[in-house]
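I opened this notebook to record what I looked up in one structure. The entries run from the whole chain to single contacts.

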Amino acid sequence: MLVLALVFGWCLAAALTLSLGRMHMWFTPGWQLRALSVGSLGLAVATLSSTAALLCALAAQWRVPAVLSWAMVGVVGAVAASRAVLHLRRVHALSEAVEVFRRTRTAADGVLVVEDPAPEAFAVPGRGAVVVVTTGLREALSSDEFEAVLRHERAHLRFRHHLYIQLTELAACVNPLLRRWCATVRFTAERHADEYAAQADRSGTARALTKVALLTSHGYRSPSVQLRISEHAAAVVARVQALQNPRPRRQRLLPAFAAAVLLALVGADVAATADWVQDHLLPETGEAAAVIVG
């Protein structure tokens, strides 16, 4: 039972990572985005707690002084915290870099058209959020295709996709095993925006996505790369194929049940491992730290 508690978080993270490619069969893009981002954060906490508990277990087995146990746990926490802080600093720098687009926005519809022959479109989230498109892209698309692009980018802003992406990125800073989740969450955010844009015209949105992908395949990369409408060719092909199928059916019971089970498992694991760490580092009055060995 003890060994299971110590490795459960890591095993669950590994199992779910191997299942990432099949999650689209169980969840709509919107629910998948929420489940992956929140789930990754929960798993990051669980695996961090499991690592600290494992260190405490080894320290107790080897009869390491408590001060060294504190030091080992502190190092693990410091490494995770420093990686998260560095990531947040990069995000802040990126936000500062695109502030010029927020300040320049003048249109009431939240769209900023930039004089540039390079075809590009991206969303800049945050206070004063704006959709940025270049004249090169606008002139290359028909009016219907251009509207599909705007609907796609507005979906990123409306549903705050950048927050889900950053939650997953933070989780991956704590647990590198979750790095694969970041690409999946980015792809799912694009799929969710595609489905929102396709409500008005499904086939038209697929054509617009294909055309934009071709136009931007050799173009420059915008500073807001996480919310671009086009990306790697294989991902674009998969998104276009998804739009050629009927719209995913709305789900409520399965996501709620899956979320409840995952939260229960992660919560129980965190509680068990956190109690293990507390017993070793801060044993209660009358409780010997060595009791955790048994």
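Entry 1, the model. I note at the outset that this is a predicted model.

I counted eleven helices and three strands in the chain. I then read their order along the sequence and found the pattern α-α-α-α-β-β-β-α-α-α-α-α-α-α.

I looked up the buried share and found 43% of the 294 residues. For contacts between residues at least 6 apart in sequence, I recorded that 71% join residues at least 24 apart.

The accessible surface of the chain is about 15,300 Å². I noted that carbon and sulfur atoms account for 65% of that surface. I also located a nonpolar surface patch of about 300 Å², to which Met 25, Trp 26 and Leu 254 contribute. I placed Leu 254 in helix 11, which spans residues 253–281. Because its relative accessible area is 41%, I list Leu 254 as partly exposed; the range for that class lies between 20% and 50%.

Two packed helices are described by the angle between their axes and the distance between the axes. On the helix 6 side, I found Glu 145, Ala 148, Val 149 and Arg 151 in the contact. Helix 9 contributes Thr 205, Ala 208, Lys 211 and Val 212.

Notes
Residues numbered from 1 in each chain as written. Predicted model: local features only at pLDDT ≥ 70, side-chain atom pairs only at ≥ 80, totals over all residues. Heavy atoms only, no water. Helix = DSSP H or I, 4+ residues; strand = E, 2+ residues; numbered from the N terminus. Buried < 20%, exposed > 50% of the residue type's maximum accessible area, 1.4 Å probe, protein only. Contact = heavy atoms within 4.5 Å. Areas by Shrake-Rupley, 256 points an atom, 1.4 Å probe, with all protein chains shown as cover. Patch = residues over 30% accessible without salt bridge, like charges linked within 9 Å, V, L, I, M, F, W, Y side chains within 5 Å. Salt bridge = Lys/Arg side-chain N within 4 Å of Asp/Glu carboxyl O.
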